[in-house]
Structures are given as C-alpha cells and as structure tokens.
Amino acid sequence: MTAPTEEISEGIVALLPRLRRFARSLSRNQHDADDLVQLAIERALRNHEQFRGGASLSGWLFTIIKNAWLDQLRARTRHREVALPEDSGEHPAVSPVDTDTELWSVSEAMDKLPEEQRLAIALVLVEGLSYKEASAVLEIPMGTLTSRLARGRATLAAALGEPA
Amino acid sequence: MTYDDETLMAYADGELDEAQRAAISAAVEKDPALARRVERHRATRARVAGAFARVLEQPLPGKLITAARGADAGPAQRRAEVLQFPSRTSAPPARRWGVREWGAMAASVVLGVLVASQWLAPAEPFLSPRNGALVASGGLATALETQLASTQSDTDAVQIGVSFRSRSGEYCRSFALREAGAAGLACRTGDEWRISVTAAAADVSGGMRQASAAAPAVLREIEARIAGEPLDAATEKDALAGGWK
C-alpha cells in the first residue's frame, strides 16, 4: 500500500461514523446503509488518484456515496421493472438495529421524498453542510440546492407533524 | 415586507449575509407569524438531525474498517470479518467498567493456565502464541480492535473494560471473556494486541459487576501501566478511529 492511499484509508476510518450516518439517511435501514458505505469505500480506494490533496475528503466521499446510491436505485428500478413488480423484500421493514422509533419515523418520511430532495436534506440537515458545500457535493448550482432543500423540508415538516 | 420560504429557510440555517440577517431578525421580532415560519424550519432541522445523530454512537462494523484499510489488512481483515455488528439486537447503553469493577475479578491464574485452556481451542482461539509472546487473536483481537466499551452490549462475548494510554505510549485495554470466565489486559504493540496479564474471573455473566472484591492481577497491571486517566467514551472512539496508534 502506498503512502497516499494509507493516508486516505485512515481518513476514511476516522470519517466512518459520518459516512454511515449520511448513508443511513439515504437508506431505509442500517444494513443497506453499511453496504452502501462499503461499496463507496471500495470505489474511493480504487480511484484514490482522483482525490486532490487539500480538498475535503468528506466532500469527496459524500459525492462517491451519492453516486453509488443513485446507481443502486437505478439498478433496483430496472430490476423491478423486469422481474419484481412489488417490493422485492430487499428492505426489511424492521431491521434489528433500527429499534429506535424516532429514527425509524424520520427515516420513513425521508424515504418518501424524491431522491434529489433527500440528498439535499441529508447533506444539509443531517450532515450539517453549508449550502455551498452541499451543492459542491451534489454537483449542482446553489439555487437548485436551495429549492430542493426547501421543497423536501416542507414535505418532511408536514409528514412529521411539525406545527404549521 | 414579505419573505419567501427559501429566504426564511436560509435565515433559519444561518446562510444569509449580515444585512439580510439583520433585516429578517427585525421583521421576525415584530411579526409572530413570520417567527413561527422560521421556527418551523428550525424544528424540522433539529428533528431530522437529532434522529440520525444516534447513528454516530453505534459501534463501527468491522467490515467497514477493513474495507477502508484495503486488501492489505491481512490477518486483521480476516479477524474483522468475524464481527457482525449489523446483526446485533438493540444495544443498551452499557455501563463502563471502572477500575474497581474490573477489580471484581476473582483473580489469580496467570498466563500459563490459559495457554493450555479452551482459549486455544482450534476453532477460533482468543489467544495465540507469537514470537514468544501471547497475542490476542480471533474474536478477542476483533473486539480489542473494534469494540467500544461505551456501546457494547452485555451479551457480547468479549467485554471491554477500561482503555488507556500506557506510560510507554501504547494503548491498553482490559477485557473479560464470558465463555472462558477469564479476564486480562492487552496492549497494542505494532499491529498486535499483546496480552500482558490474564486472570480467572469468578463470574463473567453479570454477578461480576456487582462483586466488590479487589482484583489483584489485572488491577495491579493497569495501575502499573496507566498514564493519566482511562479514556472516556469520546477519546476511546477517537483512539479506535485512529487505529490505536
């Protein structure tokens, strides 16, 4: 293992709690989230030369997770169109680690959002990125990020029963 | 002056420049309806952030640490694969063992006995001799490497006790093995967890935590090695994230 990859590896290990949280906010259970993180880590290490020293490692990894997640969604959609009209059971309704009802209800509400709104919510509300950082991760203009965030947030507020 | 939802949201998120922020702050003070709209944005943010925040407290799956360190992880990788955190049931917030509770181990059988005991059963030994020293292997190595005392469950096969930095700078962690009814102290030397002391534990299944007898062997070893205070939940987590280096 070369020195730069080792540095990235240790950086990834240090970021694991946040990567898992970001992935969890996109997935319906922690098991799927961890699979997503694993996939993203493997991609990151394979393409480590794409990481520019000095850039934000977390931002780079969030982008990779985002892309891996979108790939998975598309693959699943294609898969279902061909063979599985109903839910394939890939997302067990109750995962053993998700016994937390608050996490579960927020996660359920997130799950109903269009994917681009969910990504905006996940990066800004869950990960605490600034609008500028989030738009860089999602590779979209800030105005687009803001409007996705506002729409997703309104839907979430209604679903979670925040006082209007 | 009316404000659109995106502007109020940006205000709630602290994204506006100073001039805009001041203008809205003034408007919010005079207009309860506006204040409620801002509050709604804040409440949604707090709720969503709060719900996912607890993911940070969960133990890290060994497979992710392994993946991050790439294929060169070797034995550490194989060990980590043994661990299956995602299949764990709820994780009650385990109390950390204080030095005193570790002291509860009715001590005294040291190293020699263990080498001959079930710890070295061929399936997945917890201890292996290496270069004249005894090092953690199998599930014990995995637990020492990846398990946090702050999040472990009472039912975990290996219970991590206190973690600390020793006077010679390496990390040490005390542990108890439920099945073997044994306890000990391991210190990270290079890539290995070297066992510095072991002792028989009278009762690892729970009574041990209530017991109050002093535990000579492990306790003495901790006291001899510890530099400063034991790690707390946060520093323990950082040490784990840093690979115990």
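Predicted model: local features only at pLDDT ≥ 70, side-chain atom pairs only at ≥ 80, totals over all residues.
The axes are lines fitted to C-alpha atoms, for helices over the stretch in contact, and the angles run from 0 to 180 degrees between N-to-C directions. Helices (H or I, at least four residues) and strands (E, at least two) are DSSP runs, numbered from the N terminus.

Residues are numbered from 1 along each chain as its sequence is written, chains are lettered from A and ligands numbered from 1 in the order in which they are written, and side-chain values use heavy atoms, with hydrogens and water left out.

Now, our first crossing. In chain A, the axes of helix α6 (residues 131–138) and α7(A) come within 9 Å and cross at roughly 100°. The two helices, α6(A) and α7(A), are therefore roughly perpendicular to each other. Who makes the contact, which means heavy atoms within 4.5 Å? From α6(A) come Tyr131(A), Lys132(A), Ala134(A), Ser135(A) and Leu138(A), and from α7(A) come Met142(A), Leu145(A), Thr146(A), Leu149(A) and Arg153(A). Sorted by class, this contact of α6(A) with α7(A) has six nonpolar, two polar and two charged residues. For the classes, Ala, Val, Leu, Ile, Met, Phe, Trp, Tyr, Cys and Pro count as nonpolar, Asp, Glu, Lys and Arg as charged, and the others, Gly among them, as polar.

Glu139(A) sits in the loop between α6 and α7 of chain A, and its phi is near 60°, a positive value in a residue other than glycine. Most residues other than glycine have a negative phi. Is Glu139(A) buried or exposed? Glu139(A) is exposed, at 56% relative accessible area. As for the cut-offs, buried means under 20% relative accessible area, exposed over 50%, and partly exposed in between (1.4 Å probe, protein chains only).

Helix α7 of chain A (residues 142–159) also meets the other chain: its axis and that of helix α3 (residues 32–53) of chain B come within 10 Å and cross at roughly 80°. That puts α7(A) roughly perpendicular to α3(B). On the α7(A) side you can find Arg153(A), Leu156(A), Ala157(A) and Ala158(A), and on the α3(B) side Arg40(B), His41(B), Arg42(B), Thr44(B), Arg45(B) and Val48(B). By class, α7(A) and α3(B) bring together four nonpolar, two polar and four charged residues.

Arg21(A) counts as buried, at 10% relative accessibility. What does Arg21(A) touch, leaving aside its neighbours within four places in sequence? Its contacts are Val126(A), Glu127(A), Phe52(B), Ala53(B), Val55(B) and Leu56(B).

On to the aromatic rings. Over all chains, the structure holds four aromatic pairs. Rings of Phe, Tyr and Trp (its six-membered ring) pair if their centres lie within 6.5 Å, and planes under 30 degrees apart count as stacked, over 60 as edge-to-face and the rest as tilted. Phe22(A) and Phe62(A) have ring centres 4.8 Å apart and planes at 65°, so this pair is edge-to-face. Phe22(A) lies in helix α1 (residues 3–26) and Phe62(A) in helix α3 (residues 57–82) of chain A, so the pair ties together parts that are 40 residues apart in sequence. Phe22(A) is buried at 0%, and Phe62(A) is buried at 0% as well.

Chain B has an edge-to-face pair too, Trp193(B) and Trp244(B), at 5.5 Å centre to centre with 75° between the planes. Trp193(B) is in strand β6 (residues 192–200) and Trp244(B) in the segment after α11 (233–241), 51 residues apart. Together with Tyr171(B), Trp193(B) and Trp244(B) form one aromatic cluster. Trp244(B) is buried, with a relative accessible area of 3%, and its phi is near 60°, again positive in a residue other than glycine.

To finish, here is chain B as a whole. Its secondary structure comes to eleven helices and six strands, and buried residues make up 49% of its 245 residues. Nine of the nine residues of helix α8 (residues 138–146) of chain B are buried, so that helix is largely enclosed by the rest of the structure.

How values were computed
Parallel < 35°, antiparallel > 145°, perpendicular 65-115°, else oblique. Contact = heavy atoms within 4.5 Å.
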